[in-house]
Structure formats: structure tokens, C-alpha cells
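Subject: Structure handover

Hello,

Here is the structure I promised to pass on. My notes on it follow below.

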2 protein chains.
Amino acid sequence: MDLNGHTFLAKVLNIVNENKSENSPLIDFKHPHELEAILDLDVSKGCTDAELEKCVREVLQYSVKTDRATFKNQLYGGMDPYGLSGAWIAEAFNTSQYTFEVAPAFTLIELTMIRHISRLFGISGGDGIFSPGGSMSLFYSIVAARYKAFPEVKSKGMRALPDMVLFTSEDSHYSIKKAAHWLGFGTESVRVIKTNARGQMLVDELDSELQKERSLGRYPLLVNATAGTTVLGAIDDLPAIAELCKKYGVWMHVDACWGGSLILSSKYKHTLSGIESADSMSWNPHKMAGAPLQCSVALVRERGLLHAANAAAATYLFHRDRFYDTRYDTGDKSVQCGRKIDAFKLWMMWKARGDSGLCLLADYTMSIAQFCLQSVSTRPGFRLVSDTLQCPNVCFWYIPTFMRGAEEDAGWWELMHKITPKIKELLTLSSRLMVAYSPLREYKNFFRMAFTFHPVVKENQVLEMLQAIEDCGESITMPMLL
Amino acid sequence: MDLNGHTFLAKVLNIVNENKSENSPLIDFKHPHELEAILDLDVSKGCTDAELEKCVREVLQYSVKTDRATFKNQLYGGMDPYGLSGAWIAEAFNTSQYTFEVAPAFTLIELTMIRHISRLFGISGGDGIFSPGGSMSLFYSIVAARYKAFPEVKSKGMRALPDMVLFTSEDSHYSIKKAAHWLGFGTESVRVIKTNARGQMLVDELDSELQKERSLGRYPLLVNATAGTTVLGAIDDLPAIAELCKKYGVWMHVDACWGGSLILSSKYKHTLSGIESADSMSWNPHKMAGAPLQCSVALVRERGLLHAANAAAATYLFHRDRFYDTRYDTGDKSVQCGRKIDAFKLWMMWKARGDSGLCLLADYTMSIAQFCLQSVSTRPGFRLVSDTLQCPNVCFWYIPTFMRGAEEDAGWWELMHKITPKIKELLTLSSRLMVAYSPLREYKNFFRMAFTFHPVVKENQVLEMLQAIEDCGESITMPMLL
């Protein structure tokens with residue numbers, strides 16, 4: 001039986017480092033059927049280490065180098081190298097987090113991180129859990145809110161409960177719809193509140209909707225405020241929403257998956273003011289702060305609620321007759337059984353940099369986004385969607401020369417709606433830049449350039465990216481849009 | 001701004017290798033408050049690389065070395081080194097799986113693995129998704145079953161649906177209760193069917209319960225059969241359950257999270273016969289097969305159902321105006337938004353070993369479990385809970401000399417119920433072995449020794465582990481049990 005393979009691990013650092021070099025392109029795009037023809041993915045036969053290395057190198061050649069400054073396609077990107085070190089160690093120690101016994105140090109590390117993060121957000125004394133992503137963190141919060149209001153849901157289900165309503169803004173993340181489906185509310189129970197031009201939930205409309213639903217006999221369960229919307233990076237008026245939640249006795253959740261990282265900045269943390277009133281919140285350090293994917297935390301103000309809501313008390317795993325203090329076992333507050341030790345990589349990067357090191361990174365990220373915003377605002381052909389920065393999201397159109405000066409009627413905007421994806425296609429195929437675009441409300445497709453802690457992007461790199469957009473935009477001709 | 005840290009990554013291989021050496025103990029157990037006093041976990045201040053390395057080494061010193069032969073505490077353990085290589089590369093490439101654009105090669109790899117696995121299990125032509133663990137894979141399956149029966153659940157929620165029932169065996173995994181709570185059924189909707197002495201669901205009882213629930217006007221939605229129960233490793237009578245599911249028009253799910261790996265064995269795959277009739281199934285290659293945590297796959301027979309059930313069609317992420325074939329985008333069949341590329345590490349180990357290499361490992365795992373079973377059956381003081389092997393789980397009591405020969409009345413068994421955890425404590429504190437124990441039905445606490453593909457355990461190591469149990473068992477005196 002061939003059980004070497006241990007030697008392969010030593011090759012990994014080389015393979016990875018080669019791909020980290022700027023010589024390999026951001027993306028070598030192939031269409032699905034082309035790539036299927038290139039890659040030798042079949043696993044049935046087995047191969048030598050040398051063959052495996054060749055296959056792996058090919059796979060990586062055609063993979064996106066997400067650590068580049070020019071990867072602006074999502075709300076994550078480069079990683080904190082300390083975080084990656086932590087991720088590698090976590091993988092090598094292959095540990096599931098359910099009991100203290102099997103994960104003693106890692107359990108204390110998760111507790112330390114939850115305490116530290118809770119304190120930062122002003123929600124001390126509560127509880128939390130690391131989960132596999134922002135959607136799951138939202139699910140945890142809704143489940144906690146529902147159990148708090150109607151503990152009988154656990155045994156009796158949703159059919160025993162009144163008609164409930166969840167409130168969210170039209171700019172919020174789509175995961176609340178998935179939650180409404182999975183958790184048995186149904187998507188019709190989600191009330192979508194309009195936003196202002198800057199992307200913030202209209203608090204007056206939330207007020208009247210809360211009132212209306214109550215008068216109709218429905219039970220307003222939870223308001224999902226957002227601190228850092230996906231596209232514009234808007235931060236809802238958290239103090240005003242907190243006041244409404246108090247007034248109506250509704251659970252306040254803050255989805256700070258993206259914007260939560262601003263709590264690390266001494267200059268910008270005030271923009272999250274009001275979050276300390278939340279009953280629950282979620283934050284993804286794997287987004288702006290550069291922890292490797294996945295690293296998401298759900299915080300719940302009421303201590304013990306996560307455990308009460310989620311416990312199943314499996315006798316084979318969570319023993320009362322253990323010889324240590326089993327209150328340290330985290331498994332029964334989790335909906336997962338096996339759970340990765342995601343807190344460890346965050347701990348490593350935080351331990352290395354401290355609050356002040358992360359503060360510098362957060363401040364710099366906002367300042368480079370501000371530089372980008374200013375550059376876009378003065379550069380011919382570029383037009384901002386919103387001219388104020390809440391999170392490090394800069395949203396804009398590029399209007400090619402042949403489009404300028406014309407009347408901006410519906411037809412003109414329909415053309416802009418096609419121009420943005422076309423520029424993106426040209427950028428991707430030339431490997432100069434991968435940048436997100438999106439429509440939003442009445443706005444036709446526009447670019448979203450979002451900045452993260454890693455890699456540290458310099459001003460000249462921002463200008464190069466804008467230049468790339470301009471070059472591709474100018475190369476567009478009408479026939480390309482048909 | 002200190003952004004080195006890249007140099008730290010090179011240290012990781014050394015740090016990991018040192019802990020892989022047999023010189024470091026399996027576990028250096030400290031109680032929570034002792035460990036809190038030893039470890040310097042505070043992250044607020046930041047530190048140098050040298051200080052960080054010291055802290056990390058301390059954390060790892062007190063962490064469990066799950067890759068040892070003597071780690072028999074859970075249903076996972078050592079890792080396939082090719083799998084770990086894959087995990088490290090996946091971490092370094094920090095990629096989320098939602099669109100083909102951002103994960104071109106990794107998307108094709110997930111598709112390849114799902115196709116290959118589906119074919120192995122005889123559920124070709126369907127669909128699947130890698131999820132963060134067995135619980136989530138079960139959730140996916142229940143959501144698919146519910147949507148198939150009542151598509152209106154997505155918009156209208158559970159209150160619009162009839163009273164539904166889920167069926168599972170008393171030996172099955174507790175995650176179905178968590179699913180019943182989270183998804184809004186309520187735990188009372190779970191009908192727990194009794195098992196025979198070997199741990200298999202009583203099919204006659206399932207039949208009469210299905211009939212009864214239907215006659216009471218409730219809707220039997222899903223039968224959760226198990227292929228490899230958590231404790232005994234029992235495989236339900238899948239062909240008989242499939243027949244009942246067909247008869248009553250009920251969705252058949254097979255939880256093969258643990259036992260699914262036997263499909264890799266040419267000798268034992270027949271024990272999973274009947275699984276090809278399942279409407280959905282889940283398998284965790286991170287358990288027996290040694291893929292690094294997390295690696296779990298949910299398969300659904302009906303193509304397109306995962307997508308139809310889970311799509312939210314977020315305009316910012318899943319564009320119809322993309323320049324490539326967006327049918328390759330997997331994000332809208334996922335309940336997560338960001339999703340790790342868990343298929344890659346499995347692909348690497350499978351690519352290296354091929355079907356035949358994994359077959360050897362599966363066969364050997366069963367043969368070493370068989371050796372353990374035979375040793376236990378003949379060794380004085382050891383007593384098997386079940387003398388037939390279904391999965392590589394060997395369950396037994398150790399009866400110290402002072403307990404032997406007495407009448408085995410209730411009082412005697414109460415004492416045995418305390419002796420097993422006591423032996424486990426002594427084994428852990430001496431770092432000789434970490435082994436699981438559990439009560440089950442009428443059985444008082446007993447040991448479960450489960451074997452996995454990695455590390456490859458030798459016969460003398462099995463005998464050493466049994467000897468360790470015997471030594472610790474013999475060192476017990478009555479006062480220690482009070």
C-alpha cells in the first residue's frame with residue numbers, strides 16, 4: 001500500500017509561492033468547455049506524485065489569484081499571512097470543536113476571541129459562536145430570536161406559532177430570504193423596507209411597517225439592520241433602528257458581516273455606533289479584515305440562549321459524567337456537530353498585530369478607498385453612484401467618450417447597462433482587473449470596487465485599475481453591444 | 001505598518017512536523033482553569049514573530065494530536081497527507097465557490113467529484129453539493145424533500161403546510177432533531193423507530209408507524225435511514241426501507257456520513273446495497289476516509305431540485321448578463337453565500353490514489369477492525385456489545401478483575417456505568433489512549449473504538465491499546481468510583 005504522500009506536503013509551499021509571484025496572471029480565463037478539455041480531472045485511475053504535481057499546477061494555473069490588488073471581484077481578497085499560517089496549522093491539527101476534551105486550547109481560543117470581539121462591539125457578557133459563513137451566522141441569530149420569543153418552536157415547530165414577520169432593507173444581503181425559506185417562515189414573511197439614495201434603510205418606513213404588521217395581527221420578530229451593505233457599503237441608522245426595536249419589542253440583529261471590520265478603526269468605529277444595542281450581530285473577519293475563508297462569528301447578547309436554543313444533548317458526545325468541567329464544551333450551542341476551529345486563524349493574526357496593528361490596516365483601507373473615490377470623482381468619464389464613503393466601497397460607472405454629452409434617457413441607460421458588463425469582460429479576458437458590477441434599485445449596472453486590509457493597495461495601483469477600466473471602456477464599439 | 005508575516009508561513013511546516021513526531025504526547029491534559037493560566041491568549045497588544053511562535057507552540061503543546069493511532073475519540077482522526085496538501089493549497093488560494101468566474105477550475109473539480117461519487121453510489125444523473133458537515137448535508141436533503149412535496153414552502157412557510165413527520169431510528173445521529181427545530185418542523189415531528197440489538201432500524205415498526213401517521217392525517221415526509229450509526233456503526237436494511245418509502249411515497253434519505261466510505265471497498269460495498277434507491281444521501285469523507293475536516297457531500301437524485309429549492313437569484317452576484325455559461329455557477333443551489341472549496345482536497349487524495357488505492361485503505365480498515373473485534377472477543381475481561389462488524393466500530397466493555405464472576409444485576413451495571421468513564425479518564429491523563437465511550441439504549445457506558453483510513457494502524461498497536469485499557473481498568477479501586 002503506497003502511503004508516502006507525506007513528502008508531497010513539502011512541495012506545497014513551493015507550488016503556492018510560485019503562484020503568489022506577480023509573474024502568473026490574475027486570471028487565465030477559459031470557458032467551461034475549454035477548461036474541461038484542458039484539465040485532467042478524472043480520479044478513477046490514480047497517479048504518481050509527479051503526475052499529481054503536474055495536474056495540480058494546471059488547476060492552479062487556471063485558478064484566480066485572489067490575493068492580487070487587481071482582484072476586486074468580491075468582498076474578500078488577499079489574506080493576512082498570519083491568518084494563513086493559522087489556517088494551515090488548523091488544517092494540520094484536524095480538530096473539531098465540539099468538546100473541550102478534544103480541543104482544549106482551541107476551545108479557550110474561541111472563548112477568548114468571542115470575549116474580545118464582544119467587548120469591541122459593546123456587547124459584553126453575551127455569547128457567540130464561529131460559524132461557516134455570514135448566512136449561517138444570520139441563521140443562528142434568527143433561530144435565537146425565534147426561540148426567545150417562542151421556546152415551544154423547538155418541539156412544536158412553526159405551525160404552533162403565530163404569523164411572524166422579518167424586516168430588512170432592500171439593499172440588504174439575500175441570505176435573509178434563504179433563512180426565511182429554510183427556517184420555515186417563507187419568503188413572504190420578509191418585509192423589504194426601502195432605502196435612501198445612500199442605501200440606508202428608511203427608518204420612518206420601518207416604523208410604519210412595524211405598526212401596520214402589528215395592527216394586522218402579525219408578530220414582528222426581528223429587524224435585520226445592515227452595517228455595510230453588499231453593494232454600496234451602506235450602514236443603516238443603527239441608533240434609530242435600535243430605538244424602534246425597543247419601542248416595539250422586536251429583536252434587533254445587525255448584519256455587520258462586511259462593515260463590522262470598521263470597529264477595528266479608531267477613526268471610523270463611530271460609524272457603527274448603535275450596534276451595542278443589538279440583540280445579535282454577525283461579522284465576517286474573512287471579508288474586509290483578510291482572515292482566510294471561512295471565518296464568521298455570530299454574537300448573541302443573552303448569555304445561555306445559544307445553548308438553550310440549540311442543545312440536543314446527545315449522550316454519546318456530551319457526557320455529564322466527564323472528569324472535567326463540561327461547561328466548556330461548545331458543541332451543544334452549535335447546529336453543526338463537527339465544527340472547524342475557525343477562531344484560531346483569527347487569533348493568530350490578531351495576536352501578531354494587536355488591536356493597534358489591525359487599526360492601522362482598517363484606517364489605511366478606508367483612506368485608500370477615499371483616494372479611489374476622489375480619483376473617480378474628478379476623472380473624465382467616471383461617475384460616482386454615491387459620493388460619500390460609509391464602508392470602503394466605491395461605486396461608479398465608466399461612460400465611454402462616444403456616450404458622453406447625449407441625453408441620458410431610458411435608451412441611453414439601457415446601453416450603459418450593457419457597457420458595464422462588456423468592460424468587465426474585457427478586463428477579465430485581458431487579466432488586468434476582476435471587478436464586481438451590479439444593478440441596484442433604479443441604477444443600471446455599475447462597478448463596485450471594494451477595498452480590503454490585504455493586500456495593501458497603493459495609490460498608483462488604484463490609478464492603474466481606473467486606467468484599465470478606461471482603456472477597456474474606450475475600446476468598446478456599438479457592434480460589440482448588440 | 002508591519003506587513004511582514006509572510007516569513008511566518010515558512011515556519012509552519014517545522015512547527016507542524018515537530019508535533020507530528022511521536023515524541024510529543026497524544027494529549028497533555030490540563031483542566032480548563034489550569035490551561036487558562038498557562039496560555040497567553042490575550043490579543044490586544046500584538047507581539048513579535050518570535051513571541052507569536054512561542055505562543056503558538058504552547059497552544060499546540062496542549063492540543064490533541066488527532067493524527068495518532070491512539071486517537072480513537074471520534075469518528076475522524078489522521079488525515080490523508082494528499083488531502084492535507086489539498087487543504088493547504090485551498091487555504092492559500094482563498095476562494096469562494098459561488099461562481100465559475102471566480103473559481104473556474106475548482107468548480108469543475110466539484111462537478112467531477114459529485115459525478116464520480118454519484119456514480120459510485122449508483123445515483124447517477126443527480127446533483128450534489130459540498131457542505132460544511134454532515135448536519136448541513138442532512139439539512140439540504142430535508143429542505144429538498146420538503147420543497148419537492150410542497151414548493152409553496154419557500155414563499156409561504158411551514159404554517160401553510162400540513163403536519164409533517166420525519167422518521168429515524170433510535171440509534172441515528174442527533175442532527176435530525178436539530179434539523180427538525182431549525183427548519184421549523186419541531187422535534188415532536190420526529191418519529192423515533194426502535195432498533196434491533198445490532199442497531200438497525202426495525203423495518204416492521206417503521207411500516208406500522210408510517211401507516212399510523214398516515215391514518216392520523218399527518219404527512220410522512222422523509223425516512224432517514226442510516227448507513228453507519230454513530231456508536232455501533234449499524235447499517236439499516238436499506239432495500240427494505242427503500243421498498244417502504246416507495247410504497248408510501250416517502251422521500252428516502254440515507255445518512256451515510258460515517259459508513260459511506262465503505263462504497264470504496266470492493267469487499268464491503270455490498271453492505272450499502274439499497275443506497276442506490278435513495279432520493280438523497282450524505283457522506284462525510286472527512287470521517288473514515290481521512291479527508292481533512294470539513295468535507296461533506298449531499299447528493300440529491302433529482303437534477304435541478306437543489307437549485308430550484310435554494311435559489312434566491314441575487315442580482316449583484318448571479319448575473320444573467322455574464323459572458324460565460326452561468327449554468328456552471330453553483331452559488332444558487334447553496335444555502336451559504338461564500339463557500340469553501342472542500343472538494344479540492346478530496347480530489348487531490350483521490351487523484352493520487354485512484355479508486356483502487358482507496359479500496360485498499362477501506363479493505364485494510366475493515367480488516368484491522370476485524371482483528372480488534374477478534375482480540376476483544378477472546379481477551380479476558382473484555383466483552384463485546386455486538387459481535388458482528390458492519391462498519392469498523394468495535395464496541396465493548398472492560399470488566400476489571402474485581403467485578404468478574406459477580407451477579408450482573410442492576411447495581412453491578414451501575415458500577416460498570418462508572419467504570420468505563422473512569423478508565424477513559426485514566427487513559428487520557430496518562431496520554432496512552434483517547435477513546436470514545438457512550439451509553440446506548442439499555443446498555444451502560446461502553447467503549448467505541450472506530451478505525452479510519454489514516455493513520456494505518458497495525459495489529460500490535462491494537463493490542464497495545466487494549467493493553468492500556470486493561471492496565472487502567474485493573475488500577476481502578478472501589479473508592480475511585482465514589
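I begin with Asn196(B), which sits in the loop between strand 4 (190-193) and helix 9 (203-215) of chain B. Please keep in mind that this is a predicted model. Beyond its neighbours within four places in sequence, Asn196(B) contacts Leu202(B) and Arg441(B). A polar atom of its side chain lies 3.0 Å from the backbone nitrogen of Arg198(B). Phe121(B) is 75 residues from Asn196(B) along the chain, and 26 Å separates their C-alpha atoms.

In chain A, helix 9 (residues 203-215) holds Glu209(A). Is Glu209(A) buried or exposed? Its relative accessibility is 17%, and the cut-off for buried is under 20%, so Glu209(A) is buried. Not counting residues up to four places away in sequence, Glu209(A) touches Phe167(A), Arg191(A) and Ile193(A).

Now the interface. Chain A puts 154 residues in contact with 154 residues of chain B. About 13800 Å² is buried between the two chains, and carbon and sulfur atoms give 65% of that area. How many salt bridges are there between chain A and chain B? The count is ten. In one salt bridge, the side chain of Lys178(A) meets that of Asp332(B), at 3.5 Å from N to O. Between chain A and chain B there are also 62 residue pairs in polar contact, with both residues at pLDDT 80 or more. On the side of chain A that touches chain B, helix 12 (residues 343-378) gives the most, with 13 residues. That side of chain A divides into 84 nonpolar, 40 polar and 30 charged residues.

Next, the aromatic rings. A search of the whole structure gives 49 aromatic pairs over all chains. Take Phe106(A) and Phe344(A): their ring centres are 5.3 Å apart and their planes are at 75 degrees, so this pair is edge-to-face. It links distant parts of the chain, with Phe106(A) in helix 5 (residues 104-121) of chain A and Phe344(A) in helix 12 of chain A, 238 residues apart. Phe106(A) is buried, at 1% relative accessibility. Phe344(A) is buried as well, at 1% relative accessibility.

Phe71(B) and Tyr76(B) give a tilted pair, because their centres are 5.8 Å apart and their planes are at 50 degrees. Both Phe71(B) and Tyr76(B) are buried. One aromatic cluster takes in residues of both chains: Phe139(A), Tyr140(A), Trp182(A), Phe139(B), Tyr140(B) and Trp182(B).

Last, some backbone points to look at. The peptide bond from His454(A) to Pro455(A) is cis, with omega near -10 degrees. Pro455(A) is in the loop between strand 12 (443-450) and helix 14 (459-474) of chain A. In chain B, the bond from His454(B) to Pro455(B) is cis, again with omega near -10 degrees. Pro455(B) is in the loop between strand 12 (443-450) and helix 14 (459-474) of chain B.

Ser431(A) is not a glycine, yet its phi is positive, near 60 degrees. It is found in the loop between helix 13 (410-429) and strand 11 (434-440) of chain A. With a relative accessible area of 18%, Ser431(A) is buried. Ser431(B) also has a positive phi near 60 degrees. Ser431(B) is buried too, with a relative accessible area of 18%.

Best wishes

Conventions: Residues numbered from 1 in each chain as written. Chains lettered and ligands numbered in written order. Predicted model: local features only at pLDDT ≥ 70, side-chain atom pairs only at ≥ 80, totals over all residues. Heavy atoms only, no water. Contact = heavy atoms within 4.5 Å. Buried area = accessible area lost by both parts, 1.4 Å probe. Salt bridge = Lys/Arg side-chain N within 4 Å of Asp/Glu carboxyl O. Polar contact = N/O pair within 3.5 Å; in protein donor to acceptor, adjacent residues only side chain to side chain. Helix = DSSP H or I, 4+ residues; strand = E, 2+ residues; numbered from the N terminus. Nonpolar A, V, L, I, M, F, W, Y, C, P; charged D, E, K, R; others polar. Phe/Tyr/Trp six-rings, centres within 6.5 Å; stacked < 30°, edge-to-face > 60°. Buried < 20%, exposed > 50% of the residue type's maximum accessible area, 1.4 Å probe, protein only.
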